[in-house]
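User: I'd like to learn how to read a two-chain model like this one. Could you walk me through some features and tell me the general idea behind each?

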Amino acid sequence: MKILAVASAGGHWIQLLRLKPAFTDHQLVYMSTKEEFRMMVPDSQYFVIPDFNRKKKILIFKSLLEIWRSLKSIKPDLVITTGAAPGLACILVGRILGFKTVWLDSIANVEQLSMSGKIATYLSNHVYTQWPELESDKVKYSGKVL
Amino acid sequence: MMIFITTGTQEPFDRLLDAMDICAAKFPEVEFVAQVINTDVEAKNLKVEGFLSPITFNDYFERADLIVGHAGMGTIITALVKEKALIVIPRDASLGEHRNDHQLATAKKMSALNYVKVAYTSDELINTIDLFLRNEISLTSVKLTPYASDSLITELKTLFGNS
């Protein structure tokens, strides 16, 4: 299977890299928001997308367009992301294009799911939290990135 | 002796930088390097860097005797994996340091699980660093393995296998 693993720069990306053993039997493609991260995943194909958040709304459309183009060319069977907003955009585009999607909410969200994570419960095939207290009928807990 | 201050890739954290500038003035023999984005602070006593490439960031991190960071999981996980002494101060949304107060909740939880020492104010941060530099406290926690918990890896492998 071809898996696209996506995360924004920072803690989201660090958490994504800690999932690596889960991908061993599959073809893995990484995507993040900094060109400099290419060197961190030398064994995989790597794509860069623009970063955006609620403060930088103007970039959302540009970003969505680039994500659309990238996902069309990558054609993964499954998209997995640890956030944040660009990861959610990949889930949205991924579902529209017919790919399976997995949202793993950041371990930083200990009291409630992130805003993006809450939206992901409506969009994504699978949603995971890293805190058992936040498990629900739509959100599964199966362990942490620690 | 070197202290590396890291504040993430998203927003400035001027309160932390101000506190560390004061701290650096008290310990001129210690090297202070800060990685910050878009700051307005003109630090007098420490070296300030913007976004760092993974290689440069890693060099500073490895060389540091103490990591002082915002309560971001990237900082916390990286310090735990490298077994570095670490103290974090959560961003405060009421001061415009983040969109919400999740760093406060993260810090409390990670502190309760004994993963990290947390300072909640600038004074507490400066005092704790003072104690650390005078060898009166240890700030090293558990060592993390490089990968996620076995239960999470197994779950995802099963999910990928069935998809």
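**Reading contacts, sheets and helices**

Analyst: Let's begin with one residue: leaving out residues up to four places away in sequence, Ile76(B) touches Val88(B), Met110(B), Tyr115(B) and Val116(B). Contact here means that two C-beta atoms, placed from the backbone, lie within 7 Å. This is a predicted model, where local features need pLDDT of at least 70 and side-chain atom pairs count only at pLDDT 80 or more, while totals for chains, interfaces and linings use all residues. Residues are numbered from 1 along each chain as its sequence is written, with chains lettered from A and ligands numbered from 1 in the order in which they are written.

User: Which residues have the most contacts inside the largest nonpolar core?

Analyst: First, the terms. A residue is buried if 20 or more other C-beta atoms lie within 10 Å of its own, exposed if 12 or fewer, and partly exposed in between, with C-beta atoms placed from the backbone. A nonpolar core is a set of buried Ala, Val, Leu, Ile, Met, Phe, Trp, Tyr and Cys residues joined through C-beta atoms within 7 Å. In this model the largest such core holds 82 residues, and Met20(B), Ile76(B) and Val88(B) have the most contacts inside it.

User: How do I read the sheet of chain B, and which strands are at its edges?

Analyst: Helices (H or I, at least four residues) and strands (E, at least two) are DSSP runs numbered from the N terminus, and two strands pair if DSSP finds at least two bridges between them. Chain B has an open sheet of six strands with parallel pairing, ordered β3-β2-β1-β4-β5-β6. Its edge strands, β3 (47-49) and β6 (117-118), each pair on one side only. Three bridges link β2 (residues 31-35) of chain B to β3(B) in the parallel sense; Val33(B) has Lys47(B) as its bridge partner in β3(B).

User: What about the sheet of chain A, and is β5(A) buried or exposed?

Analyst: Seven strands of chain A form an open, parallel sheet in the order β3-β2-β1-β4-β5-β6-β7, with β3 (45-48) and β7 (140-141) as edge strands. In a regular strand, side chains alternate between the two faces of the sheet. For β5 (residues 100-104) of chain A, five of the five residues are buried, so this strand is largely enclosed by the rest of the structure. Lys100(A), Val102(A) and Leu104(A) are buried on one side, Thr101(A) and Trp103(A) on the other. β5(A) runs parallel to β4(A), joined by four bridges, and parallel to β6 (residues 126-129) of chain A, joined by three. Leu78(A) has Lys100(A) as its bridge partner, and Leu104(A) has Tyr128(A).

User: How do I describe two packed helices?

Analyst: Two packed helices are described by the angle between their axes and the distance between the axes. Axes are lines fitted to C-alpha atoms, for helices over the stretch in contact, and angles run from 0 to 180 degrees between N-to-C directions. Take α3 (residues 85-96) and α4 (residues 115-123) of chain A: they pack at about 10°, with axes 10 Å apart. That makes α3(A) roughly parallel to α4(A) (angles under 35 degrees are roughly parallel, over 145 roughly antiparallel, 65 to 115 roughly perpendicular and the rest oblique). Residues making this contact include Leu88(A) and Ile91(A) of α3(A) and Ile119(A) and Leu123(A) of α4(A).

User: Which elements of chain B face chain A?

Analyst: An interface can be read as two lists of touching residues: here 29 residues of chain B contact 34 residues of chain A. On the chain B side, α3 (73-81), α4 (102-112) and α6 (150-162) each give two or more residues, with the largest share, eight residues, from α6(B). By class, that side has 13 nonpolar, 12 polar and four charged residues (Ala, Val, Leu, Ile, Met, Phe, Trp, Tyr, Cys and Pro count as nonpolar, Asp, Glu, Lys and Arg as charged, and the others, Gly among them, as polar). Glu155(B) is found in α6(B) and, apart from neighbours within four places in sequence, contacts Ser142(A) and Gly143(A). Glu155(B) is partly exposed, with 19 other C-beta atoms within 10 Å.

User: Which backbone feature joins Gly83(A) and Ala84(A)?

Analyst: A cis peptide bond, with omega about -5°. Ala84(A) lies in the loop between β4 (78-81) and α3 of chain A.
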